[in-house]
Amino acid sequence: MHATREIFRLAARDFLYERRLSLCYVLALTAVLAPLLILFGLKFGLVDTLARRLVESPVNREVIAVGSHRYDAAWFERIAARSDVAFVIPSTRRIAASLSQLQNPATGAVVRAVQMVPTGAGEPLLHLPRSPSSAAAKVTEDAFAKIPEGVTELMLSASAAQRLGVSSGERVLARIDRTAAGRDEGVVWEVTVTGVLRPEVLTEEAALVPLELLVATEDYRDGVAVPALGWSGVPPSTAARQFARFRLYAVSINDVARLEADLTAEGIDVRSQLTEIAAMQALDRNLTRVFWLIAGIGTLGFLASLAANLLANVERKRRELSILRLIGFPTASLMLFPITQAALIALFGALAAVLVYLPVTLTLNDWFTLSLQPGESICRLLPIHLALALGTTLLGAMTAAAWAGWRAARIAPAEGVRDV
Amino acid sequence: MSAVPPVYLCRELVKQRGGGEKLSDAAAPSTAPTDNRQLTTFALHVPSFTIRPGEIVVLRGASGSGKSTLLDILALALHPDRAAEFQFCPEHRAPTDLMHLWQRHNLNQLGRLRGGDIGYVLQTGGLLPFLSARENIALPGRLLGRKPAGRIERVAERLAITAQLDKRPGQLSVGERQRVAIARALVHRPSVILADEPTASVDPLNAAVIRKLLLELVQKAGLTAIIAAHDWPLELTAGVQFVQHRLERDDNLTRSLFWN
């Protein structure tokens, strides 16, 4: 007990006494560990972000119908029930799926030919990839956004909202036109903006609208009355409604191929990002391999450097260890001398490496801030990663030192003393 | 015949260095090497050696005669090749068969005996450079869990190193370092003091002072001491015994014999 306590004290005193050499060992460790931390930071930041974007991006999960068909409610129910389908909603004919004009009544600003995209609960564009640490990340510009409902609500794309100069909660005038009996007609009604999407979510001038609104505008253009908005026309048909198109998203990119194949088998022409997905997956795989290759070589170099430094330190301490043995310190406590010093070198080296890593990672993330979504990072290590790095460094250092210390402690004390 | 057992009892102890052949028998001359290479072998041979409590023994001999080797063996710091009997019995303890401990490679038990019962003054001082003189002196006692309670200061005063107690070895002269080493060997109250050429590195004036102080301190404490010194003055014989020594050369074998 006395020996163990004494050896810890002696090892720390020697570490401080030879502070310049100790600093050299710490810096040597920092020099190999800091780039390794940055490399792993890039792996967990850049590569994982790209992979997550690839896997989770709704753009890559969308299966788009080419041309028009007739899909009834049963078809939508069957598709929605599939486990590989994340979201499906009917859509009207392309020609009918646009607003002729949106106008800000306060300023008179106008946007024409605004594309309408049907939306509903589970809207995939509102669930873009986000990191686990960014629960607060949002895909709309404001905190009060909600999915529009009824026939008097819509959610605007950023470009449309910007041109109109409106934000969430404001009201705009919507207008649609038709030609009936050779006459041009139009209706104008007031709609509420329930939210504004972030620019990258929907790049064109468009609006996410409830299916009810989309159907109403299609009916109006077809000359069918829309009682909810007071629009006149022929009475609505009592027959079950059929839709010309759909919006369909797979659960993951891995489900896209099967979904596409099944729809094609039904005689529905579809297109998806399959080729792009395969290319991106190959790129992701290879990029990950490159990172692990470099990281593997770096880790081996780090461990070799660590072992070499610590073995050299123990060889240098041979005389001191022999004197301690001569004084009567037992073998086990003698081994603690280099182990304690190795632990100190590893601890300070790892802390210094983290101190190098932190500003570098902040700088890298700052440089790429425009390419990142909230919660994403180019270079990122979680606390568990840093703890693992520290643990590995300590374990490697102490193992190398224990081996060297065991060798040094086994020699007869007289030999070590006479060597010098 | 004294009823008190000897501190050291050695018979036919052999330690061989260099060359490739071991002595087939300690008493017999060695055979020549079997090949044409000229291998030189040095063999320390102790036919009979007994040290009783309180004796102060001086090993005289030229450099390279094996004094330090014998002292290292007596300090339990070097493994003898063989011995018919090699026993250590510090005061108030049962005799220990050292050869048995070495054969079992029981380094920890050897270390305990060394740390508790032996104070060793190395030729170079053997001080730890990162500790002050005071801490170096206190270290063996701290290892044993003993508090020196003023003993460091008393011994330091006798050795005239009080002013140097808080200095590191690197700030001391060679003579001062030797005095600190003597203090370190004494303060934890061992039974035996071993000193390997304690005055070899200092000037003759300092050497005489250190020799005198060492003898005074050892005699006053009633300790057993074995001192290796090639330059021990023959006139300084009061209370000191000299160990018999002879060198034998036989072809490539140099045999150094110590006995009393």
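Analyst: A:Val63 has A:Leu248 as its bridge partner in E9(A). Helices (H or I, at least four residues) and strands (E, at least two) are DSSP runs, numbered from the N terminus. Strand E1 (residues 62-65) of chain A and strand E9 (residues 245-250) of chain A run antiparallel, joined by three bridges. Two strands count as paired if DSSP finds at least two bridges between them. Strands of a sheet pair through backbone hydrogen bonds, either parallel or antiparallel.

This is a predicted model: local features need pLDDT of at least 70, side-chain atom pairs count only at pLDDT 80 or more, and totals for chains, interfaces and linings use all residues. Residues are numbered from 1 along each chain as its sequence is written, while chains are lettered from A and ligands numbered from 1 in the order in which they are written.

The sheet is open and has four strands, in the order E2-E9-E1-E10 (chain A), with antiparallel pairing. Its edges are strand E2 (85-91) and strand E10 (270-271) of chain A, each pairing on one side only. Helix H7 (residues 253-265) of chain A packs on the sheet. H7 touches E1, E9 and E10 of chain A, and its direction makes about 20° with that of E1(A). Axes are lines fitted to C-alpha atoms, for helices over the stretch in contact; angles run from 0 to 180 degrees between N-to-C directions. Contact means that C-beta atoms, placed from the backbone, lie within 7 Å.

Now the interface. 19 residues of chain A are in contact with 24 residues of chain B. On the chain A side, helix H1 (2-17), helix H9 (318-327) and helix H12 (413-419) each give two or more residues. H1(A) gives the largest share, six residues. By class, the chain A side has 11 nonpolar, three polar and five charged residues. Here Ala, Val, Leu, Ile, Met, Phe, Trp, Tyr, Cys and Pro count as nonpolar, Asp, Glu, Lys and Arg as charged, and the others, Gly among them, as polar. The predictor gives the complex an ipTM of 0.87 and a pTM of 0.70.

Over residues 20-37 of chain B, pLDDT is below 50. Beyond near neighbours in sequence, that stretch has 24 contacts in the model.

Key. pLDDT is the predictor's confidence in each residue, from 0 to 100. Two residues are in contact if their C-beta atoms, placed from the backbone, lie within 7 Å.
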